[in-house]
Amino acid sequence: MRNARTTEAIAQGIRRRVFEHTIRANGGYLSQACSAAEQLAFLYNEALTLGAPTRPMIPPPFGGVPAACNPGYVTGAGYNGPAAPDYDRLFIAPAHYALVAYAALVEVGRMAPEGLEMFNRDGSSVEMIGAEHSPGMEVHNGTLGIGLSTAAGLAWGRKRRGEAGQVCVFMSDGEVQEGQTWEAVQAAAHHRIDNLWAIMDVNRQQCDGAMDAVMTVGDIAAKLRAFGAVVAEVDAHDLAALRQARATPHEGRPLIILAHSSPTQGMAFLRRRFPRLHYVRFKSEAERAEMNAAIAAELGIAPVDLGDM
(Lines give C-alpha, C1' and ligand atoms only; values in the text may rest on other atoms or scores of the structure.)
Protein backbone atom coordinates (compact mmCIF):
# COMPACT_ATOMS: atom_id res chain seq x y z
CA MET A 1 0.00 0.00 0.00
CA ARG A 2 1.58 3.28 -1.15
CA ASN A 3 0.30 6.83 -0.86
CA ALA A 4 0.12 9.07 -3.92
CA ARG A 5 1.47 12.02 -1.91
CA THR A 6 5.16 12.61 -1.41
CA THR A 7 6.83 11.67 1.84
CA GLU A 8 7.81 15.33 2.28
CA ALA A 9 4.16 16.36 2.10
CA ILE A 10 3.16 13.67 4.57
CA ALA A 11 5.81 14.81 7.05
CA GLN A 12 4.53 18.37 6.81
CA GLY A 13 0.99 17.10 7.27
CA ILE A 14 2.00 15.27 10.44
CA ARG A 15 3.43 18.46 11.96
CA ARG A 16 0.35 20.45 11.01
CA ARG A 17 -2.07 17.92 12.50
CA VAL A 18 -0.18 17.65 15.78
CA PHE A 19 0.09 21.44 15.99
CA GLU A 20 -3.62 21.95 15.36
CA HIS A 21 -4.51 19.30 17.92
CA THR A 22 -2.17 20.83 20.51
CA ILE A 23 -3.63 24.30 20.10
CA ARG A 24 -7.20 23.03 20.39
CA ALA A 25 -6.47 20.71 23.33
CA ASN A 26 -4.35 23.28 25.20
CA GLY A 27 -1.40 20.90 25.20
CA GLY A 28 0.34 18.15 23.29
CA TYR A 29 3.53 16.45 22.15
CA LEU A 30 4.69 19.11 19.74
CA SER A 31 8.44 18.54 19.89
CA GLN A 32 8.03 14.87 19.02
CA ALA A 33 6.22 15.89 15.83
CA CYS A 34 9.07 18.29 15.08
CA SER A 35 11.75 15.63 15.46
CA ALA A 36 10.00 12.52 14.13
CA ALA A 37 7.73 13.65 11.27
CA GLU A 38 10.11 12.66 8.48
CA GLN A 39 10.99 9.38 10.16
CA LEU A 40 7.40 8.19 10.52
CA ALA A 41 6.46 9.51 7.08
CA PHE A 42 9.41 7.62 5.61
CA LEU A 43 8.46 4.39 7.39
CA TYR A 44 4.79 4.42 6.41
CA ASN A 45 5.12 5.86 2.92
CA GLU A 46 8.33 4.28 1.63
CA ALA A 47 10.40 1.99 3.79
CA LEU A 48 7.91 -0.61 4.96
CA THR A 49 5.99 -3.19 2.97
CA LEU A 50 2.56 -3.03 4.61
CA GLY A 51 -0.80 -4.29 3.47
CA ALA A 52 -4.07 -2.39 3.62
CA PRO A 53 -5.39 -1.73 7.15
CA THR A 54 -7.64 -4.40 8.61
CA ARG A 55 -9.21 -2.24 11.35
CA PRO A 56 -12.06 0.31 11.05
CA MET A 57 -11.04 3.73 9.77
CA ILE A 58 -12.71 5.26 12.81
CA PRO A 59 -11.24 3.40 15.80
CA PRO A 60 -13.78 1.62 17.98
CA PRO A 61 -13.94 2.27 21.74
CA PHE A 62 -11.65 0.40 24.11
CA GLY A 63 -12.79 -3.22 23.97
CA GLY A 64 -11.25 -4.52 27.18
CA VAL A 65 -8.10 -6.46 27.91
CA PRO A 66 -7.27 -9.97 26.63
CA ALA A 67 -9.28 -12.52 28.59
CA ALA A 68 -11.18 -15.77 28.16
CA CYS A 69 -14.38 -13.76 28.43
CA ASN A 70 -13.24 -11.33 25.73
CA PRO A 71 -12.65 -13.52 22.67
CA GLY A 72 -12.97 -10.61 20.27
CA TYR A 73 -9.91 -8.78 21.61
CA VAL A 74 -7.54 -7.41 18.97
CA THR A 75 -4.53 -5.13 19.05
CA GLY A 76 -4.15 -1.90 17.12
CA ALA A 77 -1.60 -3.50 14.78
CA GLY A 78 -4.26 -3.97 12.13
CA TYR A 79 -3.88 -0.30 11.21
CA ASN A 80 -0.45 -1.30 9.90
CA GLY A 81 -2.01 -4.06 7.80
CA PRO A 82 -2.15 -7.84 8.19
CA ALA A 83 0.59 -9.81 9.94
CA ALA A 84 1.15 -12.02 6.90
CA PRO A 85 4.58 -13.60 6.25
CA ASP A 86 5.49 -11.31 3.35
CA TYR A 87 4.54 -8.09 5.09
CA ASP A 88 6.77 -6.07 7.41
CA ARG A 89 5.90 -5.44 11.04
CA LEU A 90 6.32 -2.12 12.85
CA PHE A 91 6.72 -1.51 16.57
CA ILE A 92 6.29 2.03 17.92
CA ALA A 93 8.52 1.75 20.98
CA PRO A 94 8.10 5.15 22.70
CA ALA A 95 4.40 5.14 23.55
CA HIS A 96 4.35 8.87 24.26
CA TYR A 97 4.86 9.48 20.53
CA ALA A 98 1.33 8.15 20.02
CA LEU A 99 -0.18 11.46 18.89
CA VAL A 100 2.49 11.75 16.19
CA ALA A 101 1.96 8.13 15.14
CA TYR A 102 -1.81 8.66 14.89
CA ALA A 103 -1.25 11.76 12.77
CA ALA A 104 0.96 9.67 10.49
CA LEU A 105 -1.79 7.06 10.14
CA VAL A 106 -4.24 9.77 9.12
CA GLU A 107 -1.82 11.31 6.63
CA VAL A 108 -1.22 7.99 4.84
CA GLY A 109 -4.91 7.03 4.81
CA ARG A 110 -4.83 4.29 7.42
CA MET A 111 -7.09 6.07 9.93
CA ALA A 112 -9.85 8.63 9.45
CA PRO A 113 -9.26 12.20 10.71
CA GLU A 114 -12.18 11.66 13.07
CA GLY A 115 -10.04 9.14 14.91
CA LEU A 116 -7.67 11.86 16.04
CA GLU A 117 -10.61 13.70 17.58
CA MET A 118 -11.03 10.72 19.95
CA PHE A 119 -7.52 11.23 21.36
CA ASN A 120 -7.36 10.83 25.15
CA ARG A 121 -11.14 10.69 25.62
CA ASP A 122 -12.65 8.44 28.25
CA GLY A 123 -13.40 5.01 26.80
CA SER A 124 -11.39 5.63 23.64
CA SER A 125 -8.74 3.29 22.26
CA VAL A 126 -6.88 6.34 20.88
CA GLU A 127 -4.82 6.68 24.05
CA MET A 128 -2.53 9.57 24.95
CA ILE A 129 0.16 7.04 25.85
CA GLY A 130 -0.32 4.37 23.20
CA ALA A 131 -1.34 0.94 24.46
CA GLU A 132 -1.52 -2.39 22.66
CA HIS A 133 -5.13 -1.69 21.58
CA SER A 134 -4.33 1.78 20.21
CA PRO A 135 -4.14 2.41 16.44
CA GLY A 136 -0.79 1.33 15.03
CA MET A 137 0.30 -0.33 18.28
CA GLU A 138 0.81 -4.02 18.89
CA VAL A 139 2.35 -4.23 22.36
CA HIS A 140 2.35 -1.93 25.36
CA ASN A 141 5.51 0.18 25.29
CA GLY A 142 4.68 2.58 28.10
CA THR A 143 7.77 1.23 29.81
CA LEU A 144 10.54 2.49 27.56
CA GLY A 145 13.17 0.01 26.45
CA ILE A 146 11.07 -3.07 25.74
CA GLY A 147 10.25 -2.33 22.09
CA LEU A 148 13.54 -3.44 20.56
CA SER A 149 13.69 -6.72 22.48
CA THR A 150 10.05 -7.50 21.64
CA ALA A 151 10.78 -6.90 17.97
CA ALA A 152 13.99 -8.94 18.13
CA GLY A 153 12.05 -11.93 19.43
CA LEU A 154 9.49 -11.65 16.66
CA ALA A 155 12.20 -11.21 14.03
CA TRP A 156 14.04 -14.29 15.32
CA GLY A 157 10.86 -16.34 15.00
CA ARG A 158 10.15 -15.02 11.51
CA LYS A 159 13.69 -15.80 10.41
CA ARG A 160 13.39 -19.38 11.66
CA ARG A 161 10.12 -19.80 9.76
CA GLY A 162 11.64 -18.38 6.58
CA GLU A 163 9.24 -15.44 6.38
CA ALA A 164 10.24 -12.65 4.02
CA GLY A 165 8.81 -9.78 6.06
CA GLN A 166 11.18 -7.54 8.01
CA VAL A 167 10.64 -6.25 11.55
CA CYS A 168 11.16 -2.55 12.21
CA VAL A 169 11.25 -0.51 15.40
CA PHE A 170 10.75 3.21 15.74
CA MET A 171 12.45 4.18 19.00
CA SER A 172 13.83 7.16 20.89
CA ASP A 173 17.30 7.92 22.19
CA GLY A 174 16.02 8.06 25.77
CA GLU A 175 15.72 4.28 25.53
CA VAL A 176 19.49 3.86 25.59
CA GLN A 177 19.26 4.70 29.29
CA GLU A 178 17.52 1.33 29.72
CA GLY A 179 19.56 -1.84 30.11
CA GLN A 180 17.06 -3.95 28.20
CA THR A 181 17.83 -2.01 25.02
CA TRP A 182 21.47 -3.11 25.15
CA GLU A 183 20.54 -6.71 25.92
CA ALA A 184 18.32 -6.67 22.83
CA VAL A 185 21.11 -5.38 20.58
CA GLN A 186 23.57 -7.92 21.96
CA ALA A 187 21.13 -10.81 21.59
CA ALA A 188 20.16 -9.79 18.05
CA ALA A 189 23.82 -9.67 17.03
CA HIS A 190 24.59 -13.00 18.69
CA HIS A 191 21.65 -14.76 17.02
CA ARG A 192 22.33 -13.05 13.67
CA ILE A 193 18.88 -11.49 13.56
CA ASP A 194 19.39 -9.40 10.46
CA ASN A 195 15.73 -9.11 9.52
CA LEU A 196 15.54 -6.54 12.33
CA TRP A 197 16.17 -2.83 11.88
CA ALA A 198 15.35 0.34 13.76
CA ILE A 199 15.20 4.09 13.41
CA MET A 200 16.14 5.91 16.61
CA ASP A 201 14.95 9.50 17.00
CA VAL A 202 18.03 11.14 18.49
CA ASN A 203 16.63 14.48 19.66
CA ARG A 204 18.62 14.54 22.92
CA GLN A 205 15.46 15.34 24.90
CA GLN A 206 13.45 13.49 27.52
CA CYS A 207 10.68 14.11 30.01
CA ASP A 208 12.81 16.02 32.53
CA GLY A 209 14.72 18.10 30.01
CA ALA A 210 17.84 17.70 27.90
CA MET A 211 19.26 14.16 28.12
CA ASP A 212 22.74 15.30 29.07
CA ALA A 213 21.27 17.08 32.09
CA VAL A 214 19.47 13.92 33.25
CA MET A 215 21.94 11.16 32.35
CA THR A 216 24.78 11.51 29.87
CA VAL A 217 24.77 8.63 27.39
CA GLY A 218 27.97 9.40 25.50
CA ASP A 219 28.65 8.12 22.01
CA ILE A 220 25.56 6.06 21.20
CA ALA A 221 26.88 4.93 17.81
CA ALA A 222 30.14 3.60 19.26
CA LYS A 223 28.27 1.72 21.98
CA LEU A 224 25.81 0.16 19.53
CA ARG A 225 28.66 -1.00 17.31
CA ALA A 226 30.45 -2.47 20.32
CA PHE A 227 27.31 -4.46 21.13
CA GLY A 228 27.20 -5.83 17.59
CA ALA A 229 24.83 -3.63 15.59
CA VAL A 230 25.48 -2.05 12.21
CA VAL A 231 24.94 1.69 12.63
CA ALA A 232 24.16 4.46 10.15
CA GLU A 233 23.99 8.10 11.29
CA VAL A 234 21.92 10.66 9.38
CA ASP A 235 20.17 13.99 9.58
CA ALA A 236 16.64 12.93 10.53
CA HIS A 237 15.11 15.64 8.36
CA ASP A 238 16.99 14.59 5.20
CA LEU A 239 14.83 12.00 3.46
CA ALA A 240 17.50 11.19 0.88
CA ALA A 241 19.88 10.38 3.74
CA LEU A 242 17.26 8.18 5.41
CA ARG A 243 16.79 6.25 2.17
CA GLN A 244 20.51 5.73 1.82
CA ALA A 245 20.84 4.63 5.43
CA ARG A 246 18.09 2.05 5.05
CA ALA A 247 20.08 0.48 2.20
CA THR A 248 23.12 -0.08 4.45
CA PRO A 249 24.22 -3.77 4.25
CA HIS A 250 23.92 -5.56 7.61
CA GLU A 251 24.15 -9.27 6.94
CA GLY A 252 24.07 -11.25 10.17
CA ARG A 253 23.49 -8.16 12.32
CA PRO A 254 20.66 -5.74 13.15
CA LEU A 255 20.71 -2.28 11.57
CA ILE A 256 20.09 0.79 13.70
CA ILE A 257 19.73 4.17 12.03
CA LEU A 258 20.55 7.05 14.35
CA ALA A 259 18.38 9.87 13.06
CA HIS A 260 19.77 13.06 14.59
CA SER A 261 16.82 15.42 14.85
CA SER A 262 15.79 18.83 16.11
CA PRO A 263 12.95 19.02 18.66
CA THR A 264 11.96 22.38 17.16
CA GLN A 265 12.20 21.51 13.43
CA GLY A 266 9.53 23.48 11.59
CA MET A 267 8.42 25.21 14.81
CA ALA A 268 11.33 27.45 15.79
CA PHE A 269 9.04 29.33 18.18
CA LEU A 270 9.39 26.37 20.57
CA ARG A 271 13.03 27.29 21.21
CA ARG A 272 11.74 29.74 23.77
CA ARG A 273 10.79 26.75 25.92
CA PHE A 274 14.05 24.85 25.59
CA PRO A 275 14.88 22.48 27.26
CA ARG A 276 11.34 21.92 28.63
CA LEU A 277 9.86 20.54 25.43
CA HIS A 278 8.54 17.09 26.32
CA TYR A 279 4.89 18.16 26.60
CA VAL A 280 3.78 21.65 25.63
CA ARG A 281 0.98 23.19 27.68
CA PHE A 282 0.07 26.85 27.64
CA LYS A 283 0.35 28.98 30.75
CA SER A 284 -2.18 31.57 29.57
CA GLU A 285 -4.58 32.32 26.74
CA ALA A 286 -2.21 35.06 25.60
CA GLU A 287 0.63 32.55 25.25
CA ARG A 288 -1.67 30.15 23.42
CA ALA A 289 -2.70 32.86 20.97
CA GLU A 290 0.90 33.95 20.40
CA MET A 291 2.04 30.39 19.72
CA ASN A 292 -0.97 29.74 17.49
CA ALA A 293 -0.12 32.69 15.27
CA ALA A 294 3.66 32.19 15.23
CA ILE A 295 3.80 28.46 14.53
CA ALA A 296 0.93 28.55 12.03
CA ALA A 297 2.96 31.08 10.04
CA GLU A 298 6.00 28.79 10.15
CA LEU A 299 3.92 25.85 8.93
CA GLY A 300 2.30 27.88 6.16
CA ILE A 301 -1.27 27.53 7.42
CA ALA A 302 -3.87 29.80 8.99
CA PRO A 303 -3.96 29.98 12.79
CA VAL A 304 -6.33 27.49 14.39
CA ASP A 305 -9.81 28.99 14.81
CA LEU A 306 -10.60 28.49 18.48
CA GLY A 307 -14.09 29.99 18.22
CA ASP A 308 -15.76 30.00 21.62
CA MET A 309 -13.32 27.53 23.15
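The model is predicted: local features need pLDDT of at least 70, side-chain atom pairs count only at pLDDT 80 or more, and totals for chains, interfaces and linings use all residues. Residues are numbered from 1 along each chain as its sequence is written, and side-chain values use heavy atoms, with hydrogens and water left out.

**Exercise 1.** Describe the largest pocket and its lining.

Solution. Start with the term: on a 1 Å grid over the protein atoms alone, a pocket is an open set of points where a 1.4 Å probe fits, with protein on both sides within 12 Å along at least five of seven lines; lining residues have an atom within 4 Å of a point. Next, the space: about 280 Å³. Of the 19 lining residues, His96, Leu144, Gln206, Cys207 and His278 are the closest to the centre. Last, the classes: 5 nonpolar, 12 polar and 2 charged.

**Exercise 2.** Find which element gives the most to the lining of the second largest pocket.

Solution. This pocket holds about 220 Å³. Its lining includes Arg17, Glu20 and His21, as well as Pro113 and Glu114. Two elements give two or more residues: α1 (7-25) and α4 (113-116). The most come from α1, with 5 residues.

**Exercise 3.** Decide whether the faces of strand β1 are covered or open.

Solution. In a regular strand, side chains alternate between the two faces of the sheet. Take β1 (residues 89-92): Arg89 and Phe91 lie on one side, Leu90 and Ile92 on the other. All four are buried (under 20% relative accessible area, 1.4 Å probe, protein chains only). Both faces are therefore covered. Now the partner: β1 pairs with β2 (residues 167-172) in the parallel sense over 4 bridges, and Arg89 stands opposite Val167.

Notes. Points joined across faces, edges and corners; volume = space filled by probe spheres on them. Nonpolar A, V, L, I, M, F, W, Y, C, P; charged D, E, K, R; others polar. Buried < 20%, exposed > 50% of the residue type's maximum accessible area, 1.4 Å probe, protein only. Pairing = 2+ DSSP bridges.
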